[in-house]
Every structure is written in C-alpha cells, then in structure tokens.
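Visitor: I have a structure open and would like to go through it with someone. Can we take it piece by piece?

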Amino acid sequence: MSYQINEELLRFRPKMAQDKVIFNDFNLWYGEKHALIDINIAVKSNIVTAFMGPSGCGKSSLLRGINRMNDIIPVARSTGEVLIDGKNIMGSGINVYDLRKRVGMVFQRPNPFPMSIYDNIAYAPLLHDVAEEEELDKIVENSLRGAALWDEVKDRLDDSAFSLSGGQQQRLCIARALSINPDIILMDEPCSALDPIATIKIEALMRELKEKYTVVLVTHNLQQAARVSEMTAFMYIGEIIEFGATRDIFENPREELTEKYITGRFG
Amino acid sequence: MMKLESLIEKALFLSASFSALIVFLITFFLIREGVPALSLNFLTGLEWRPGQEFFGTLPTIIGTLWVVIGAVFIALLIGVPTSIYLSEFAPFWVRNIIKSSVEVIVGIPSVVIGFFGLMILVPFIRNTIGGRGESILAGWIVLAIMILPNLISLTEDSLRAVPKSYREASLALGATQWQTITKVIVPAASSGIRAAIVLGVGRAIGETMAVLMVIGNPETPWIPTSILDMTRTLTSTIAIEFSYAEWGSPHQHALFAIGVVLFLLVTALNFVATFVIRRNKN
Amino acid sequence: MNPVSREKIMKRLLLIAVALSLIILPVILIWVGYNGSGIISIEFLTSRPRLFEYGGIYPQIMGSVYLVSLCTLFGAPLGIASAIYLAEYAPDNRITQSVRFFTETLAGMPSIVIGLFGLEFLVFYLQLKTSLLAGAISLSFMMLPWTIRASEEAIKTVPQEYRAASLALGATKWQTIVNVVIPAAMPGILTGVLLGVGKAVGETAVVWLTAGSGLEAFVPRSLSSPTGSLPMYIYLLATQAHTVEGVQRAYGASLVLLIMFLGVSVSALMARNYYLRRLGN
C-alpha cells in the first residue's frame, strides 16, 4: 500500500515527516471474527489523522490498538507490530500502564468520573505520582486551558463534573487526557453525542492540539474528517482501502469504494 | 505491578470462596454430629423423650408441616391479591407506600413479632376460640407475617415482568381487567409465583423465634389433630433443648440430626426454587 | 354473575387483602411504642437488671452493640471483597458458578442451623466458649450473603465508561476499582452493609446458641466472656417474667431494639444520600 504526501504540507511542517505510530502487518481477531486485516500504515506526528468508514469497518478497533485498550476485551487477540517512536508496544516486556500514560483517549460519549471537575483532572497525575500536591493546581489549570475550558470553569472547580453541559464534559475529558502530558491523543467519535455548536468548539480544539500532540481521530462524519484532518484512512470491513492526504482522498480518490463512500452511494 | 495485581486477584478469590468454605464446614460438622442419631426410628418414631433416650421426631415433623403449610396458605391469601393490586392497579405513590410498609416488616426482629403473638394473639385465641391459646393457629399468623414481605416482593416482580403486550391483547379482545389478570397475567407469572412459594416455605421451615414463642412446645409433643393444639417445630426443638443436652450425649446428636434435616430441607427447597426461576428464564 | 360485577367484587376483595398487609406494620409499631414508652428513661437505659425482672437494660444494649459492631468488622470487608471478586474478576466458569451457588445456599440457611454450627465449631471445636467472639463470628456468617449480594449489585451498576476512562489514563485494574468503582458504588454497598447490620441486631437464635443465655447481667468484659443481648433478653422476659414490671421491661427492650434498628436504617439512608450527592447525581 502506498500513499502520497502533500509536498506543500511538508514544507510548513517539518516535524510531520516523522512516523509517530506504525502498524506493521497488524491483525486483530475478536474470537473467530477477523476484525482488522493486514493493517500497514504510519501515523505522522503533530497532525490530525482520521480513520473513517461505515459502521463495523474496524476503525475504533484500530484506534484502540494504539493504546492497547483492546487488551481488556477477553476474546481479542492480535498479531503483528504496533510501533510507537520505533518501539513495538505489542512486545512482551511492555508495561501497558506506562503506554497509556503516553497515549491519551477521549471516548464517544463524555465519561467524566463522578467527582468534581478538579478531581477529574487530578486523578491521573495523583495516581501516577507525577506531581506534588502544590503542583496539582497548575496541572489542572494547564490541562483545562489546553482543552479551552479554563475560563468557563475556573470559578467552579469543585462543582460536580455532571454540572457541565455535554460539550463541556467532553472538553473536560480532553483536559483529563492532557493532564499527564501524553504524546498522542486518540479520539473515538468524540462529537457524536454533542450538539453542532459543541462540535465546532471541539473541532477548533483539535486544530490547536495538533501543535503539541499527535491526534488520531475516528469519525463517521465525512465532513468532519475533511475539515480537521491532514491525513485520512478509509476503512471497510477490517481493511484499509485507501490512506493518504485528506485532500487527495476527498478530491481524487483512487479506489472505487472510497469514491462511493465519499459521494454517499453506500447502502 | 502486574505481580501485585495478580496477588490481589488471588486474595479476592479467597474471600469469595469463604462463603463456600463456611457451607462446607457447616455441612461437615452438622453431619458429623448429627448422623449418629439419624435412623428410620428417628424420623418415624412417635415419642420424643430425651430423658429416656427416645428420639422420635414424627410429631415434630408433622407439627412443623402443619404450621408451615397453614402459614404459607395465609400468606398467599393476603399476599397474592396484594401483589396483584400493587402490580396492576395501584397508582405510583400508593404503591410506594404499601411496598415500604410491607418491606419494613422484614426488619422487625422475630422476637418482637413472637412477643406480639404471645401477648396479643395467644390470649385472643384462648378467649375467643378455645384451647390454651398457644397453638398452631397462633403459629400460622405469626409465621405468615414473617414470610409475607418476601412473598409479596417476589410475586409482584413476577407479575410486573409479564409483558405489557399480553395485557393489551387481552383487553383488546374485550376481556375485563380481572379476567385478564386471572386468565392471562397470573398464569404467565406462575413460575415466578411458584418460586416465591417454594422460597416462602423454605423461610417458614427455618424460622425459629417467632414460632417458638407462640406454639406451646409441649414436653412430649404429639401428632396434632386440631389447629388449637400445641406443638413443636424442628427449629423450636433445637432452641429449647440445646442448653440442657449434654455434650456428646445421644440427646445432643439428636438435636444436630434435626439440624441436618432442616439443612437438607431448606437447601433442597432453595435449589428447587432457583431451578424453577432459571427454567422460566429460558 | 356478569364479568363487570364480578370485577367490582374482586376489586373489593383485593383491597381487603391490601388493607390487611398494610395494617401489620403500624399495629406492631404502635403496640410496642405505646406499651414500651412508659418505661423508657435514662435510668432504664443505663442501669443493670436486678433480679432478672427489674432494673435496666444497659448490659443488654451494650452486648448488642458489641456483637453487631464486631460482626460488621468481620463480615463487611469480607463481603465487599467477595463482591469485588464476583463483579470484577470472576470468569464465567464452573468455579464461579459454584461460588455463587454456595453464597446463595448460605443466604438461605436457617439461623438456628448457623447457631448449631457456631456452637459446634466455634464454641466447642475452636474452644472459643460461649462468648462475644463466638457470637460475633456466627452473626457475620449470617450477614455475609446479604452484604455480598447488595455490594455486587452496586458494583455492577457502576457504568463501564468510568472503568474505560480510568484504564485509558494508565491506571491498573485494582487502582481503577479502588479509586473509581468502589467510591461510585458506595451508596449501594453501604445500604447492603447496613441491611446486614439491621438483621444482625434483631437476630436471636444465633446469639442464643453462641453468645450467651441472656441471663448475663453485666457488660461483656472481653471477647471471651459471654454476653447478653437485647433480643435474648426480650425473649426471656416475654416467656418467663412473672411480674407486670418484668413484662413492661420486655416492651421497653423491644422499643429500644426497634429504635436501634430504625437508627441503623436512617443512618443507611443518610449515608446513601451523602454519597449520592458527592457523586453529583
């Protein structure tokens, strides 16, 4: 499988040339079901990469391969390699908890803990002994700023997370993921439970986040993929059909399936 | 970190198996102490005179059956209609009040209910109907009070579990609410109700204090012939006599043998009930 | 009789049954309250029985308090730990099914049988003698299945999403359980524990066989001394008191017992609400 990189993009984003996450012959099964078939792609750093495709194509499974959240599903097993910064995270000596400190995740429906806003953000830093109590305030503030939520909640950090609106809760979850300074942020259809205005805010946030982080986004919303990502993978029934610069995928798809999906001629 | 995790898992598993351990120990020790006294004569003998080493439990067993069956019957008589009302007719707030009121009864200690029976029911029976007052009848009422809450709770759950579509179909065919209840809903809930009955019987057999205080416990029990007769139950026999049964004596073994009988009966009943519930789910 | 009029009659009969169900609780409560309130006084609550039928019920109150507290100390952590295992770790296999089966069996065990077991195993075999300790441990056997049931239920109700979020932040399974799942399940767990406590407070048969005959007129001095308890004392007074004063004391003790039980239930509700508020619901 080959893909083209937009030369223009390369000029303005020299960091982008690095491969942050590489899948080598990665296969995943849920019991008998072959959910991901021979995945071979590289996710570049400091851009937004989108995985898109119809339901059941495996995009979420692929996303979860990056932080090994598939491990918690008893019937899941995989073969192949997943390299992050050149190191295979599927190897036997890997501490999966450290991995998840470096790879943050935001879920489809906002899932803040039943605690205060402050405690939600402080949870991971405290757990991993990352900071002293005094530094915690700073971490909470920085994380909330990073998620563009600070101004809205700075006066009510002790309120319950559930007192926030849906869009705010999702940004809280993003802040929580930022609290331990990951390199990579995974977003599994983060806007699907949100209203259009909240969606716009989060999409704007994604564009800011890629300055410091590598963002991988799963979405079923074509327009969203087109709006926010630099590279897109189109998946269908467990396989990557096409992967390349978003512009190319959308304006000049090479595969017929891709074209059908983009023009909406899918059943 | 992984090692700690698997250690924790093992420790938790041990905790969970503790219940199993207890049941094993109970079975083991009960059987060890009780088996020496178990014999055909034990179960069918008519005379219980520990002083002369007669350990026939037939009167006690029949007494227990009398008390339990009557109590369950009364509890059903009151409980099933109440459940029907709760499930089919009661407005939301009424249902809450009734359910709370009934459920708190579970919290009333059995001694207090026995005390109530002793002070109110026994004299009442003695004065208005006859006999000593301490009677199977008193046992019925007291025991029915104790098993009522669980019976209502389980029965109501079964009734509510019947799909709404059954009711709608029946009503659409012109049946009245009562006809729908008797011909459609209750039959559909029957396995759940049966399980509730079995569990109620189990609870009734195992109940000690409340029954003990009102049924009279004659020194030498006889096979009861009327509901005004005094009698003993398996549970009351153990409670009354354990303190003066010498350790290691046949008397003590006999009491433990009664315990074995109780244990087997109740466990078998619970097993049947669970089986019935599980079969209904499939 | 046509169906419509039958329906009317049946509805009336239903209501009679409902009325009967409804009056049980108030009748008993009022009966105990009315007869027992007369004797309640500071002296009654803080002095010892004299000549069995006179005096106060202080040792019995303390006996019950000690028994139940100790029983909770044994039973609650064990029950919660078992529930955690069953809800979070147990694979769906025969071993787990057997564990559940035995827990259910224990739940259905008649109290007198548990008393017999306590007598045989704890009092004689382990030589604990008729004592506070033997009584408390036996009570914990009774409490265990209820705590397990309620706690497991509460843990299972915690949304899966919380666990996923915690794991995705790099927490281990146990860290997730301790820091997120258990706190979130606290209302249900507390209710379960306090339910077990409520049952233990009123339990007579078990303590009769393992903790003391009820004639003890002193507060237990150590774990190995026999102890009285409110339920035992009520039983003895109810069946053997010869005087009006004796019977009155039975009412008084019953009232105190009911109030203790009420106190436990109310604390359960309050604790539940506290945790519900803290969880932001």
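Visitor: Which strands form the open sheet in chain A, and in what order?
Guide: Six strands form it, in the order 7-8-9-4-10-11, and the pairing is mixed. Strands (E, at least two residues) and helices (H or I, at least four) are DSSP runs, numbered from the N terminus. Two strands pair if DSSP finds at least two bridges between them.

Visitor: Which strands are at the edges?
Guide: Strand 7 (103-106) and strand 11 (239-245) of chain A, each of which pairs on one side only. From one strand to the next, the twist averages 15°.

Visitor: Is this an experimental structure or a predicted one?
Guide: This is a predicted model, where local features need pLDDT of at least 70 and side-chain atom pairs count only at pLDDT 80 or more, while totals for chains, interfaces and linings use all residues. Residues are numbered from 1 along each chain as its sequence is written, and chains are lettered from A and ligands numbered from 1 in the order in which they are written.

Visitor: Back to the sheet. In what sense do strands 10 and 11 of chain A pair?
Guide: Strand 10 (residues 231-236) pairs with strand 11 of chain A in the antiparallel sense, over six bridges. In strand 11 of chain A, A:Ala245 is the residue opposite A:Met231.

Visitor: What does helix 7 of chain A lie across?
Guide: Helix 7 (residues 166-178) lies across strand 7 and strand 8 (184-188) of chain A, and runs at about 170° to strand 7 of chain A. Axes are lines fitted to C-alpha atoms, for helices over the stretch in contact, and angles run from 0 to 180 degrees between N-to-C directions.

Visitor: And how do helix 4 and helix 7 of chain A cross?
Guide: The axes of helix 4 (residues 117-127) and helix 7 of chain A cross at roughly 30° and come within 7 Å. The two helices of chain A are therefore roughly parallel to each other. Angles under 35 degrees count as roughly parallel, over 145 as roughly antiparallel, 65 to 115 as roughly perpendicular and the rest as oblique. Helix 4 of chain A passes helix 7 of chain A in a right-handed crossing. A crossing is right-handed if the near helix is turned clockwise from the far one by less than a right angle, and left-handed if anticlockwise.

Visitor: Which residues make that contact between helix 4 and helix 7 of chain A?
Guide: Helix 4 of chain A contributes A:Ile117, A:Asn120, A:Ile121, A:Tyr123 and A:Ala124, and helix 7 of chain A contributes A:Leu172, A:Ala175 and A:Arg176. They divide into six nonpolar, one polar and one charged. Two residues are in contact if their C-beta atoms, placed from the backbone, lie within 7 Å. Ala, Val, Leu, Ile, Met, Phe, Trp, Tyr, Cys and Pro count as nonpolar, Asp, Glu, Lys and Arg as charged, and the others, Gly among them, as polar.

Visitor: New topic. What is the phi of A:Arg68?
Guide: Near 55°, which is a positive value in a residue other than glycine. A:Arg68 lies in the loop between helix 2 (59-66) and strand 5 (76-84) of chain A.

Visitor: Why does A:Arg68 count as buried?
Guide: Because A:Arg68 has 21 C-beta neighbours inside 10 Å. A residue is buried if 20 or more other C-beta atoms lie within 10 Å of its own, exposed if 12 or fewer, and partly exposed in between.

Visitor: What about A:Ala148?
Guide: A:Ala148 is not a glycine either, yet has a positive phi of about 55°. A:Ala148 sits in the loop between helix 5 (133-146) and helix 6 (150-153) of chain A, and counts as partly exposed because of its 17 C-beta neighbours inside 10 Å.

Visitor: On to chain C. How many helices and strands are there in chain C?
Guide: Chain C has 11 helices and two strands. Of its 281 residues, 53% are buried.

Visitor: How many residues of chain C are in contact with chain B?
Guide: 66 residues of chain C, with 64 residues of chain B. Helix 1 (residues 3-37) of chain C gives the most to that side of chain C, with 17 residues. The side of chain C that touches chain B has 46 nonpolar, 15 polar and five charged residues.

Visitor: How do helix 1 of chain B and helix 4 of chain C pack?
Guide: Helix 1 (residues 2-34) of chain B and helix 4 (residues 94-108) of chain C pack at an angle of about 55°, with their axes 8 Å apart. They are therefore oblique to each other.
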